[in-house]
Amino acid sequence: MRTKFTIATVAALSLASAALAHTGAKGIVRERMVAMSAMADAIKTIAPMMSGASEYEAAAVRDAAEAIGRHAGASMTRLFPADNENMASYVKASIWQDWATFAELAERLHTYSEGLALAAENGLAAPNQGMADAASMMGGGGMMGAGSMMGTGMALEATLGREELADMPANEVFSLVSNTCSTCHTRFRKEAK
């Protein structure tokens, strides 16, 4: 099931990088399209490793995680000024109406990308181990449970710390990274036309 989710995430991020070619984007909108494209490329590079479709390479995972981290957190939020509405942009107005959630997701992505870089040497979880360890550390329920990031009107779950992430298998941390991307896109990104 996680493999299907990862493939769906990569497909969604591929659409985001296709948006980069969208004509009319300039200034800060173009900057954020470049940043989103760089993160999508990083995800696409390591997603096959995480699903077992290609050989796992810790250095490549670490490099991709660092690339995502360079564009997350404050680097990401600065690309979304409140006065920036542009026809070439795929940003929903809700990003500015719910800035606290967007900023939390951007920071969460930064933390998780740093955690993925630290966990790169850990390799992949044993088959059938799944997200059980992460779910228990997060108070049960996992990423999609009650009170999760995907819930409506619910508070975001507590972000795991870098130290906890560093001890997890890389594919479990990658799942947290991709879930964070998907949550942000679901809440704040318009569909490409």
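How are H2 and H9 oriented to each other? They are oblique. This is a predicted model. The axes of H2 and H9 come within 10 Å and cross at roughly 135°.

**H2 against H9**
- The crossing of H2 and H9 is left-handed.
- From H2 (residues 27–50), the contact uses Ile43, Ile46, Ala47 and Met50.
- Their partners in H9 are Ala170, Asn171, Phe174 and Val177.
- By class, this contact has seven nonpolar residues, one polar and no charged.

**H6 against H9**
- H6 contributes residues including Phe102, Leu105, Leu109, Tyr112 and Leu116.
- On the H9 side, the residues include Val173, Phe174, Val177, Cys181 and Cys184.
- The contact holds 14 nonpolar, five polar and two charged residues.
- Arg108 in H6 and Arg187 in H9 are among the residues that meet here.

**The nonpolar core**
- The largest nonpolar core has 41 residues.
- Ile46, Leu109 and Leu116 have the most contacts inside this core.
- H2, H3 (58–70), H6 and H9 each supply at least two of the core residues.
- Beyond its neighbours within four places in sequence, Ile46 touches Ala60, Val61, Ala64, Leu116 and Phe174.

Methods: Residues numbered from 1 in each chain as written. Predicted model: local features only at pLDDT ≥ 70, side-chain atom pairs only at ≥ 80, totals over all residues. Heavy atoms only, no water. Contact = heavy atoms within 4.5 Å. Helix = DSSP H or I, 4+ residues; strand = E, 2+ residues; numbered from the N terminus. Nonpolar A, V, L, I, M, F, W, Y, C, P; charged D, E, K, R; others polar. Core = buried A, V, L, I, M, F, W, Y, C linked by side-chain atoms within 4.5 Å. Buried < 20%, exposed > 50% of the residue type's maximum accessible area, 1.4 Å probe, protein only. Axes fitted to C-alpha atoms, helices over the stretch in contact; angles between N-to-C directions. Parallel < 35°, antiparallel > 145°, perpendicular 65-115°, else oblique. Left-handed = near helix turned anticlockwise from the far one by under 90°.
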